[in-house]
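Please consider how the parts of this chain are packed against one another.

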Amino acid sequence: MEKHLLSKSTFIRGKQCLKSLYLNKKRPFLRDKLSPEQLAKFRRGHQVGSLAQKLFPGGVDFRPRSPALYQKAVLTTQEAIRTNSYNIMYEAGFQFDRLLILLDILVKENGNWFAYEVKSSYKISDTFILDAAFQYYVISNSGLTLKDFIIVYASDELDYKKIDEYENLEPLFIKESVLEKILPLQGFIREQVEKEKETLLLKSSPKIEMGVHCHIPYPCDFIGHCTKLADKTR
Ligand code: SF4
């Protein structure tokens with residue numbers, strides 16, 4: 001299996017800005033240092049991810065130990081699905097058309113497959129829908145039919161300061177189906193994927209001016225680099 005070109009995070013990066021996608025892949029050394037707020041956000045995401053796994057106990061974890069093992073994780077997942085080995089899988093790997101995803105939780109129930117994606121926010125944003133649409137695109141095109149795609153997010157009851165103290169997790173998470181929102185986005189995902197792949201074939205980064213998109217939905221980590229370039233041309 002060939003190495004992937006895009007993952008869900010690089011896909012979302014490319015949707016925000018094709019130049020950021022290009023720089024991230026070809027000039028990663030130009031990235032700004034992570035701010036303490038960004039580091040805290042990453043940590044919170046990991047915490048909620050492992051807590052949410054406790055909502056679906058008894059599964060098997062396919063999380064690859066290093067990026068070099070991503071494709072192996074995909075093959076392991078395929079085999080587990082083919083042989084009906086487990087009903088709950090964490091970080092199940094899927095690859096289609098050199099697009100890779102590691103799904104937070106894959107559940108088999110009454111013969112049907114359900115995808116669960118865990119978010120550390122208190123609500124579902126448009127970016128989460130896009131992220132889910134990308135994952136659905138990869139999973140369904142790689143041959144697995146999903147009965148539903150569900151986003152799990154924090155309820156107002158969840159207080160991050162007390163995160164290690166909770167015993168009953170059930171009331172702390174909301175499970176919401178987003179299938180009806182992501183199905184109509186499948187054509188868009190295909191077009192965006194093509195755009196991003198074409199960008200990665202360029203010999204130099206695409207000419208994109210700075211603007212509001214540098215901060216939405218996430219602060220871009222090439223702002224320092226692009227600001228310096230913009231200053232030079234003034
Ligand atoms: S700083 Fe703005 S223009 Fe530069 S790569 Fe990031 S999003 Fe694109």
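Two residues are said to be in contact if their C-beta atoms, placed from the backbone, lie within 7 Å. This is a predicted model, in which local features need pLDDT of at least 70 and side-chain atom pairs count only at pLDDT 80 or more, while totals for chains, interfaces and linings use all residues. Residues are numbered from 1 along each chain as its sequence is written.

Leaving aside neighbours within four places in sequence, Leu103 is in contact with Ala92, Phe94, Ala115, Glu117, Gln135 and Ile139. Leu103 and Ala133 have the most contacts inside the largest nonpolar core, which has 37 residues. Such a core is a set of buried Ala, Val, Leu, Ile, Met, Phe, Trp, Tyr and Cys residues joined through C-beta atoms within 7 Å. A residue is buried if 20 or more other C-beta atoms lie within 10 Å of its own, exposed if 12 or fewer, and partly exposed in between. Helix 5 gives the most to this core, with 8 residues. Apart from it lies another core, of 8 residues, including Cys17, Leu21, Phe222 and Cys226.

Helices (H or I, at least four residues) and strands (E, at least two) are DSSP runs, numbered from the N terminus. In helix 1 (residues 8–16), the buried residues are Lys8, Phe11, Arg13, Gly14 and Lys15. Their cover includes strand 1, helix 2, strand 4, helix 5 and helix 7.

Helix 1 packs on helix 5 at an angle of about 125°, with the axes 10 Å apart. The axes are lines fitted to C-alpha atoms, for helices over the stretch in contact, and angles run from 0 to 180 degrees between N-to-C directions. Helix 1 is therefore oblique to helix 5; angles under 35 degrees count as roughly parallel, over 145 as roughly antiparallel, 65 to 115 as roughly perpendicular and the rest as oblique. Lys8, Phe11, Ile12 and Lys15 of helix 1 make the contact with Thr127, Leu130, Asp131, Phe134 and Gln135 of helix 5.

Helix 2 (residues 18–26) and helix 7 (residues 186–200) pack at about 50°, with their axes 9 Å apart, and are therefore also oblique to each other. Here Leu18, Leu21, Tyr22 and Lys25 of helix 2 meet Lys195, Glu196, Thr199 and Leu200 of helix 7.

Arg190 also lies in helix 7. Arg190 counts as exposed because it has 12 C-beta neighbours inside 10 Å.
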